[in-house]
Amino acid sequence: MKLLFRILHRSRVILIFILLQLVSLALMFSHNDYQSAGLFVGSNQFFGSMYQFSARMKNFISLETQNEKLQSENARLREEINQLNMKRFDSESVVRQDYIPAKVVSNSVGQSHNYLILNKGSKDGIRPRMGVIADNGVVGKVKSCSENFSVVFSVLNPRFIFSGIVQRTGQDTIKNQGLATISWKNTLDAKTVEFINLRSDVPIREKDTIVTVGLDGVFPNKYPIGTVKRIHKTQGDQRKIEIELNADMETISHVYVVDALQKNELDSLKKANIIVEKK
């Protein structure tokens, strides 16, 4: 207590000065309309800015939750669209598909073999060999998974090879003979893959769309892969066809894992060489 009094005694001049300043300011603002209005406006601006900053921070903090809700809603809508397509185009739809939303926690694009890691695993229903898509294109296929995470073969991985089919710009898909293989040729280009083994007599031109086949249930039927970027003539009738990917693999952050609910049954029938005739 004595120490407190000593400090107050030593600082008495400064304390008296501060007190007198506060009294003078109070008298000035209470008896002068101009200064009073200025104080009112200034304080309103200050607290208004503080409230605005607080609101922005709250919105930023809740942005991740809102994104997850939107992604779950998109997954539900995709499932409903898939169900409608199965009813309308039963001959083209092989298996029912659901969609598991996931977030990309790690992604490589500059390696010789690129992978993604997702924040969903076996406890969320993810299994190896499931397809992975973004809002606008194919991303890859699940390689392995733990309880809480999944490793995905990126479309920028030469070990991930899948089929695509030509879709003429503004028209329907070129069936059967337009089937070919999608492969990344281990380059530094994270936006381009190659469309290989396309029959030489199949017409294809720049800006044509390449879509998935969807026969095995790994990916949705006729889901976009990319657009024909460039066609090179090679030896004989061969062509080197470059495809610009729809999905931006460098900035991708949210994906959907395709759960083909009847795929195991379909695979078991194929292995047993059972031919199911449609009545």
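Colleague: Is F153 buried or exposed, and what is its relative accessible area?

Modeller: This is a predicted model, in which local features need pLDDT of at least 70 and side-chain atom pairs count only at pLDDT 80 or more, while totals for chains, interfaces and linings use all residues. Residues are numbered from 1 along each chain as its sequence is written, and side-chain values use heavy atoms, with hydrogens and water left out. Buried means under 20% relative accessible area, exposed over 50% and partly exposed in between, with a 1.4 Å probe and protein chains only. F153 therefore counts as buried, with a relative accessible area of 13%.

Colleague: How many aromatic pairs does the structure hold, and at what angle are the ring planes of Y115 and F153?

Modeller: Rings of Phe, Tyr and Trp (its six-membered ring) pair if their centres lie within 6.5 Å, and planes under 30 degrees apart count as stacked, over 60 as edge-to-face and the rest as tilted. The structure holds four aromatic pairs. In one of them, Y115 with F153, the ring centres are 5.7 Å apart and the pair is tilted, because the planes stand at 35 degrees.

Colleague: How many residues apart in sequence are the parts that Y115 and F153 tie together?

Modeller: Helices (H or I, at least four residues) and strands (E, at least two) are DSSP runs, numbered from the N terminus. Y115 lies in strand β2 (residues 115–118) and F153 in strand β5 (residues 150–154), so the parts that this pair ties together are apart in sequence by 38 residues.

Colleague: Which residues do ring pairs link into a cluster?

Modeller: The rings of F162 and F219 have their centres 5.7 Å apart and their planes at 50 degrees, so this pair is tilted. F162 lies in strand β6 (residues 162–167) and F219 in the loop between β9 (209–212) and β10, so the pair ties together parts that are 57 residues apart in sequence. Both F162 and F219 are buried. The cluster that ring pairs link consists of F160, F162 and F219.

Colleague: In the closed barrel of six strands, which residue of β11 is the bridge partner of G226?

Modeller: The barrel runs β6-β7-β8-β11-β10-β9 with antiparallel pairing, where two strands pair if DSSP finds at least two bridges between them. Strand β10 (residues 224–233) is joined to strand β11 (residues 239–245) by seven bridges, and the two run antiparallel. Within β11, the bridge partner of G226 is L245.
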